[in-house]
Amino acid sequence: MEKQKFYITTPIYYPSDKLHIGHTYCTVATDAMARYKRLTGCDVMFLTGTDEHGQKIQDKAKEAGVTPQQFVDGIVDGPRGVRDLWQLMNISNDRFIRTTDGYHVSAIQKIFKAMYDKGDIYKGKYVGKYCKPCESFWTESQLKDGKCPDCGREVQDAQEEAYFFRLSKYAQRVQDLLENTDFLEPRSRVHEMVNNFIKPGLEDLCVSRTSFSWGVPVDFDEGHVVYVWIDALFNYMTALGYQNEAHDDLERYWPADVHFVGKEIVRFHSIIWPAMLMSLDLPLPKKVYGHGWLLLDGGKMSKSKGNVVDPYLLAEKFGVDALRFFLLRTFPFGSDGNFSNELLIQTINVDLANDLGNLLSRTTAMAVKYFGGTLPEAKLADEAQDGELIALASGLRGRYEAQMEKFQFQNALAEVFKLIQRANKYIDETAPWVLGKDIAANGARLSQVLYNLLETTRICGVLLTPFMPESMEKLFAQLGSCCQSWESAAAWGSLSQTVTVTKGENLFPRIDLDKALAELEELQADAAQPAVEREPFMEDVDFETFSKSDFRVVKVKDCQPVKKSKKLLRFTLDDGSGTDRQILSGISMYYQPEELLGKTLVAIVNLPPRKMMGLESCGMLLSAVHQERGEERLNLLMLDDSIPAGAKLY
C-alpha cells in the first residue's frame, strides 16, 4: 500500500543577522508536525529556507559594506546563521531553499512572464506608501495612525514605474475560498482577512520595483525586479520542481497539505498566494495555518525593537529538547503567547523534571533495586488498582492524534501529561517500596506494578518523540525497549514481559530558578553588547596641531568610478565656496556611485592636493572602518541633509 503523502512548509525566513526565539517557534512546530506524520507512516516532505531578495537586504548589505550576496551568504551559512540554528534545534527538514538559488530565479522569471502573457500582469505607475521592513505596499486609508498596519513602523512615500498583478480580478473567488472552506485557520483569521482587506476593495498589487536592484530581474524589461512576495511565495512550488529541472517532486507532493505561517504574513498567504495560483490555473494548497506571536514584555519580539531572546543561549543553558518542548507545551499554536525565562524554567521543572523525569527515574531505579533490572515473567494484576491507568494509557494515542491533526500541540501534550501525572499518582497508590520489603510474598504484584509503569512510560515516550527526539532516544535506552512504533503506542502490552531496564542519567535535572535567572540575565546582557574589534588609539597630538585640520560639510553633486581603477570613486562636491571640489576616495567596493548622489558628507579640505591615477584629489572624505565577522567594512560619515554645504565642524 502506497504511503500517504504529506507536504508541510514553514515560511522562508528573511535572513536577519540576529535570529531570535520567535524565528525558532514556527520551525519547531513544523518540525514536530513533520516528525509526527513520519511516525504515523506518512511520506513527508518538510520544506524551509530563506527569503533573500528585497530592498531591506540591499540596504543592510550596503550598511555592512558588502555585496547583497555576501551578506545573505554570511547570514545563511555563516557561524550562528540560519542553517546553524536549524541544526542546533534538531530541525529535520527534507529540503532547504534559498531564493537566490539559480533554479528558483529562472523559475520566477518564467512565472512572472506567464502571468504577464495571460494579461494578469500589466505595466503602470505606483504612487502610495511602502513599508520597507515588511516589504509591503499600502494605501493611505490602510495605514494605522499613519504607520504600517502590520508592524507599526514608519512608511515612506513611493512613486515609481511598476508592473501590477490584477489581484482585484480574483477578489470574489478568494473571498469564497476563505468564507466557505477550511483553507485558512484558525477561523478567527478569516474575519480579519475578509473584512479588513477584501470587502473594502481589493486593489491590484504592485509586483515589480525599479528603485533597487537586488531581486529577480524581469527578463523582458530591464531595470525592473520582481516584487519579493511573488519571489517568496512560489518557493513552495519551485522547491518541488515547478518551472525548473532541479527537482522532480511536484506531482508527488503538490498541493501542500499545510503552510505554517506567522499571523503577520497571513494576508500574503491567504489572499495574494491563492490569487496568483488561480491566475495560473494551479491547484491551491489545502490549508494555511496562521499561528500567533511570542510576545516579550507585551510586544512582538523584534530586532528593531531590541527585545529579542537568543535561542542559542537558552538551548545551551537548558537543552534543545527542553526548549522545543516549552515552545509547544506552553502556548496555544493559534494564539499569542507571553514568553519569559521564568515561565521556561518553571515548565521544565514541573513537567520535565517533576513529572516525566521523576516517573522514569523512580520506576527504573525500583526495577534495578528489586529485580536487578530484569522483571520476572510471572505477574499479578489487580483490576481495581490497575484498570484506570491501563485504560487511560490504551486510549492515549487516539486522543493525542485528534489534537495533532488539528495542530493543537499544546492539547496533545496535555493529554500525554495527564497520563504521566496519573502514573505518578499510581506509584503512591501501589506503594512499590512497601511491596519490596517482602519480595517472596509480593514479588509478582511488585513486578506487575513496575511493568505497568514502564509500559505507560514507553507509550508516552513514543508520543513525545516528535517534540523531544534526542531525549526520547535516551528514555528508550533506559527502558530497554525497541517498541517505538506508532502502532505500539495504541497496543497496551507491547513491552516485553521480561524487559531489562537500566538506571541512566537524569534526563531533566531540576533547575534552581533564582540562580538560573541571574545567570541568564548576565549572559543576555553580555550577548547584547558584543565585543567590537578596533584598532589601538594613536599617540596624542597637541590641540594646536589638531585645530589646523579644517572639517567641512560637503554635498555630493556627482560621483563616478575612476577608469582603470578597481577602488577609486571621483566625487564632485559642493563645499560652500562656489567652486566645485574634487576628491578621490578608494571606496568603490563599499558603495555604488549612484547611491551617494545628494548625500551630505564630511571632508578635510585643507590637505595638500595629490595626484591619483592622473587626477587631482583636493581633500579627504571621513569614514569609519571596522571588522565584522572577520571582514573589513566601511561607512562614510553622513550628516543630516539640512546642514548647509561649507558648514565648519568643531
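**Basis.** I am working with a predicted model, in which local features need pLDDT of at least 70, side-chain atom pairs count only at pLDDT 80 or more, and totals for chains, interfaces and linings use all residues. Residues are numbered from 1 along each chain as its sequence is written, and side-chain values use heavy atoms, with hydrogens and water left out.

**Aromatic pairs.** I used this rule: rings of Phe, Tyr and Trp (its six-membered ring) pair if their centres lie within 6.5 Å; planes under 30 degrees apart are stacked, over 60 edge-to-face, and the rest tilted. The count by this rule is 29 aromatic pairs. One of them joins Tyr7 and Trp254, edge-to-face, with 6.2 Å centre to centre and 65° between the planes. This pair links distant parts of the chain, 247 residues apart: Tyr7 is in strand β1 (residues 5-9), and Trp254 is in the loop between α10 (250-253) and β11 (258-262). Helices (H or I, at least four residues) and strands (E, at least two) are DSSP runs, numbered from the N terminus. I noted Trp254 as buried, with a relative accessible area of 10%.

I then looked up Tyr36 and Trp486, whose ring centres are 5.7 Å apart with planes at 80°, so the pair is edge-to-face. Tyr36 belongs to helix α1 (residues 21-39) and Trp486 to the loop between α20 (469-479) and α21 (513-528), 450 residues apart. Both Tyr36 and Trp486 are buried.

I also found a cluster linked by ring pairs: Tyr25, Phe260, Tyr289, Phe333, Phe407, Phe409 and Phe467.

**Charges over rings.** Here NZ of Lys or CZ of Arg must be within 6 Å of the ring centre and within 35 degrees of the ring normal. Arg83 lies over the face of Phe96, 4.2 Å from the ring centre. Arg267 lies over the face of Phe268, at 4.5 Å.

**Thr99.** I located Thr99 in the loop between β3 (95-98) and α5 (102-117). Thr99 is buried, with a relative accessible area of 0%. Which residues is Thr99 in contact with, leaving aside its neighbours within four places in sequence? I listed Ile12, Thr50, Asp51, Glu52, His53, His104, Val105 and Asp231, with contact meaning heavy atoms within 4.5 Å. The C-alpha atoms of Thr99 and Thr50 are separated by 6.6 Å, and the two residues are 49 residues apart along the chain. A polar atom of the Thr99 side chain lies 2.8 Å from the backbone nitrogen of Glu52.

Terms used:
Buried means under 20% relative accessible area, exposed over 50%, partly exposed in between (1.4 Å probe, protein chains only). A polar contact is a pair of N or O atoms within 3.5 Å; within protein, one must be able to donate a hydrogen and the other to accept it, and residues adjacent in sequence count only if both atoms are side-chain atoms.
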